Amino acid sequence: MGSEKIRILVAKPGLDGHDRGAKVVARALRDAGFEVIYTGLHQTPEMIVESAVQEDVDIIGISILSGAHMTVFPEVLKLLKKKKAGHIKVFGGGIIPRDDVKKLKAMGVLEIFLSGTNTDSIVEFGKKKIAGK
Amino acid sequence: MSEGGKKKWEAQCLKPHLAKAAARRKRFSTISDLEIPALVCEEDLGPYSYDQKLNYPGQYPFTRGVYPSMYRGRLWTMRQFSGFGTAKDTNKRYHYLLAQGTTGLSVAFHLPTIYGRDSDHPLSRGEVGVCGVAVDTLKDMETIFKGIPLDKVTTSMTINGPAAVLLAMYIAVAEKQGVSKKQIGGTIQNDILKEYIAQKSWIFPPEPSLRLIVDTFEYCSNEVPRWNPISISGYHIREAGSTAIQELAFTLRDGMEYVKAGIERGLEVDKFAPRLSFFFNAHNDFFEEIAKYRAARRIWAKVMKERFGAKNPESMRLRFHTQTAGCSLTAAQPYINVARVTVQALAAVMGGTQSLHTNSLDETYALPTEEAATIALRTQQIIAEESGVANTIDPLGGSYFVEWLTDKLEAEAWKYIETIDKMGGMIEAIKYGYPQREIADAAYRYQKQLDREEKITVGVNKYVSGESAEIPLLRIDPNVEREQVRSLNRLRKERDNRVVKKCLSRLESAASGKDNLVPYVLEAVKVYASVGEICDTLRAVFGEYEEVAGF
C-alpha cells in the first residue's frame, strides 16, 4: 500500500436504523489504517454519492438490513455513473438473500459481507481490491 | 459445613487434577465477558436473607416471580412478532398464527410507519411493506384486525415515535367492533429513550417525545385500564451490542426516567406505575439471562419503593416480554438457529417472563416464512407442554450459582445506574453520548473476540461447513408499494378532507399548548388522517431529532 491512505465511506441508506454492523466495520477499517468517513443514518442514494464525491473516497460500503437493498444499490451505482464517478467502487453488507447477492455482484457491487463475517476478511478485501487502483 | 471447605477442595482436589488435565481455557466468561467461577458454594453467597433477597413469588422484591402461581396459573403469552406486505397479507398471517396457538398478537410495522411517514413519501421508496406491514391510515388497521375479536385477543405494537397514533387507531378499530376501550388489552412500545440509545427510530426531540409518552400514561390510566402504555426495552440495546449488565442497567434507568416524568406531570405514581411493562432480550448465555431477569425484578421493586415511594405492590412488580436474540442467529447453516432459539427461549421461561417471542430460523435472510414461524411457535409449545419446566415456580431459585450470578448482575447494574444518576439522568447521559458509546465499545470488543476465536459462533468461526443449503424465503411482492400508494390516494379522495384539515389544525394548536394530545390524535385517526399527516403536524410544532454521527 502506498503512502496515500485508502478512503472509505461507510453509509447507512434509507430508514433502516440498525447501525451496529456499520459502526463495527467502520472501526475495524479505521484501526487497520484506512481513512473512514461514516455518513450516519437516513441517507438517500443522492446524499451518499454526493458525500462520496466530496470526500473523494475510493470505495463506498453500504450497510442495509431493511430489505430495500435491490432499490438502494442499483440507485447508487447509477448515480455514480451519472456523476462520472464510476471509479468509486461499491461493496456492502447486511440482511441480503443469496440470490440477491449474486444479482448485486452482477450489477457491479464488488462484494457483500453477510452477518458473521470476520472483520479481518473485510480489511483484507479493502487492501486487495483497492491495491489494484 | 466445613470451614474454608472450598479452599481445601481447590488446593487438595482441583489443583492436582488440573495439573494432570488442564482446563479448556485460562478464563471462563459469559458472552458478555463476565468472568465465571468454576464452582459456587453456599459460602460464596455471604450472609444471606431469603426474605430480603428472594421472598416468595408475588411478594416484594419479586425475585422469584411476579405472580404467586406463575405458570401453574397461566402460561406465558406466546406472542409472535409479525407483519409484512399489505394489511391483508398480515391479517392472513395473524389468523394462521392464532389457529396454530399463539395466544397474543404483536404487530411489526414497516419502516415508513415507524418513522411517521406515509407509503408515498419520497423516503419510503423501496421500503413499503418490506420489513413490516404498511399502515398509513385507520383503514389499514381495520383490515389487519378483520375477523379478530379485540375483546378476546391482546395486541402488542412495536411502535415508538408515532405510538400514540397507532394506539388511537387500535382504540378506533375496537370501537368499530363494538368493543370499548375499557375492555381492550395490549401494549405500545412507546420507549423513546432507547430509540436515541439503540434502535434509532425516533421522530421528535426528547422533551416533546416525553410529553407525548406521559400523555399516553395519563390517558390510559383513566380511559384504557388494561393497556400497557409503554414497554421499557432492553432488547434493542442488547441487539446493538451491549453486555447483559448494560442491557439491565440502561433499561431500568430508562424506566426510572419515565417514572420521574410521570410524577413531574403530577400523576400519582401508584396510578400509572402498575401498567409500566418491560421488554428484554434472551441471548445465548443461559444462566446470565436467567440471573438478569431475576436481578431486574429485584432492582425495580427496590427502586419503585425506595426512590419513588410507591405503596401499591403492583407498582413495584416488573412484568416483561422477552424476545430471543436476533443478533445471535447465523446466515450460515440456518437450520441450527432452531437450537439457539430453543436455549434462549428456555432461559426466558426459567427467568419468569410474562410473554415470549421466538425468532424464526430464516430471519438472517428475510422475514419469516409460514413454516419457519410455525417452528418458532412450536418451540415454545414444546417447552410449555413437554419439558416440565412450567410445573413449578422459579425452579433455579436457591441454586448457588444462579443466586451468586443474580447478586453479581444486580451489583454491576447499580454501578451503571449510579453513574447515570451522577450525569444528571438518562436524558443528559444520552446527550453526552454515554450509553451509545458504551454499547459501541461492547459491540466492537465482542467482534474482536469472535475474530480471535476467543468467543465461538458455531458454523461461523468453528464447525464451518461450506455452502449452506438453500432455504425457502419469504419474498415481498414488488407490487405492494404500488398498490399501497394507489389505495392511499383513493382514500384521500374519498374522505372528507375539510374535516381532516380541521382535526389536524386542532391537533397542532393542542400540541403548542399543554393539553393531553391523545384525544386529538384519536379524533384525527377516526376521520382517516394518515400517520404521515398526523406526524407532520406534530413535526411542525416539535421539530425533529438529529443524531450526531459517530462510531
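1. A word on the source. This is a predicted model, where local features need pLDDT of at least 70, side-chain atom pairs count only at pLDDT 80 or more, and totals for chains, interfaces and linings use all residues. Residues are numbered from 1 along each chain as its sequence is written, while chains are lettered from A and ligands numbered from 1 in the order in which they are written.

2. Helices (H or I, at least four residues) and strands (E, at least two) are DSSP runs, numbered from the N terminus.

3. Next, the core. The largest nonpolar core has 185 residues. Such a core is a set of buried Ala, Val, Leu, Ile, Met, Phe, Trp, Tyr and Cys residues joined through C-beta atoms within 7 Å. A residue is buried if 20 or more other C-beta atoms lie within 10 Å of its own, exposed if 12 or fewer, and partly exposed in between. Helix α7 (residues 163-176) of chain B gives the most to this core, with 11 residues. Both domains of chain B give residues to the core, so it lies between them. Tyr170(B) is among the residues with the most contacts inside the core. Beyond four places in sequence, Tyr170(B) touches Met141(B), Thr155(B), Met157(B), Ile184(B) and Gly186(B).

4. Now the chain contact. Chain A puts 27 residues in contact with 33 residues of chain B. In chain A, α1 (20-31), α3 (69-82) and α5 (119-131) each supply at least two residues of that side. α1(A) gives the most, with 5 residues. The chain A side divides into 10 nonpolar, 11 polar and 6 charged residues.

5. Look at α2(A), residues 45-54. Pro45(A), Ile48(A), Val49(A) and Ala52(A) are buried. They cover an arc of only 95° around the axis, which puts them on the same side of α2(A). The arc is that of the directions from the helix axis to the C-beta atoms. These buried residues pack against β1 (7-11), β3 (59-64) and α3 of chain A. The face turned away carries the exposed residues Glu46(A) and Gln54(A).

6. Two loop residues of chain A deserve a check. Asp56(A) is not a glycine, yet has a positive phi of about 55°. Asp56(A) sits in the loop between α2 and β3 of chain A. Asp56(A) counts as exposed because it has 10 C-beta neighbours inside 10 Å. Lys84(A), also not a glycine, has a positive phi of about 55°. Lys84(A) lies in the loop between α3 and β4 (89-94) of chain A.

7. Last, a peptide bond. From Tyr60(B) to Pro61(B) the bond is cis, with omega near 0°. Pro61(B) lies in the loop between α2 (50-53) and α3 (70-73) of chain B.

Methods
Two residues are in contact if their C-beta atoms, placed from the backbone, lie within 7 Å. Ala, Val, Leu, Ile, Met, Phe, Trp, Tyr, Cys and Pro count as nonpolar, Asp, Glu, Lys and Arg as charged, and the others, Gly among them, as polar. Domain bounds come from an automatic or database domain assignment.
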